[in-house]
Amino acid sequence: PDPNFIHMDAMAFGMGACCLQCTFSTKDLDHARYVYDQLNVLSPIFLALTAGTPFFKGKVADWDVRWNVISGSVDDRTEKERDPK
């Protein structure tokens with residue numbers, strides 16, 4: 001393996017990245033829109049909070065958020081399906 005490459009070969013590296021998923025139930029569509037609008041403002045802040053942890057396996061990664069790791073751990077599409085150019 002390349003010493004400059006962070007090799008994460010298990011799904012646990014993505015799904016074990018200390019994530020939190022919240023599901024909300026609302027009384028009607030208007031209330032759902034209100035909740036969505038409030039979360040829409042907070043989402044970039046929550047995403048920025050993960051920028052404080054770009055370290056994987058003791059090495060500094062070249063990305064700022066954990067989304068690349070999380071999505072890569074569960075995305076089972078082929079390279080051609082991910083980039084259909």
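In what order do the elements of the protein chain run from the N terminus on? I read the order as α-α-β-β-α-α. I counted four helices and two strands in the protein chain, where helices (H or I, at least four residues) and strands (E, at least two) are DSSP runs, numbered from the N terminus.

I noted that this is a predicted model, in which local features need pLDDT of at least 70 and side-chain atom pairs count only at pLDDT 80 or more, while totals for chains, interfaces and linings use all residues. Residues are numbered from 1 along each chain as its sequence is written, and side-chain values use heavy atoms, with hydrogens and water left out.

I next looked up the surface. The protein chain has an accessible surface of about 7400 Å², by the Shrake-Rupley method with a 1.4 Å probe. Carbon and sulfur atoms hold 59% of that surface. Of the 85 residues, 12% are buried, that is, under 20% relative accessible area, with exposed meaning over 50% and partly exposed in between (1.4 Å probe, protein chains only).

I then turned to contacts (heavy atoms within 4.5 Å). Among those between residues at least 6 apart in sequence, 60% join residues at least 24 apart.

Last, I searched for salt bridges (a side-chain nitrogen of Lys or Arg within 4 Å of a carboxyl oxygen of Asp or Glu). I found one. Arg-33 pairs with Asp-30, their closest N and O atoms lying 3.3 Å apart. Both residues belong to helix α2 (residues 29–49), three residues apart, about one turn of the helix. Arg-33 is partly exposed at 46% relative accessible area, whereas Asp-30 is exposed at 54%.
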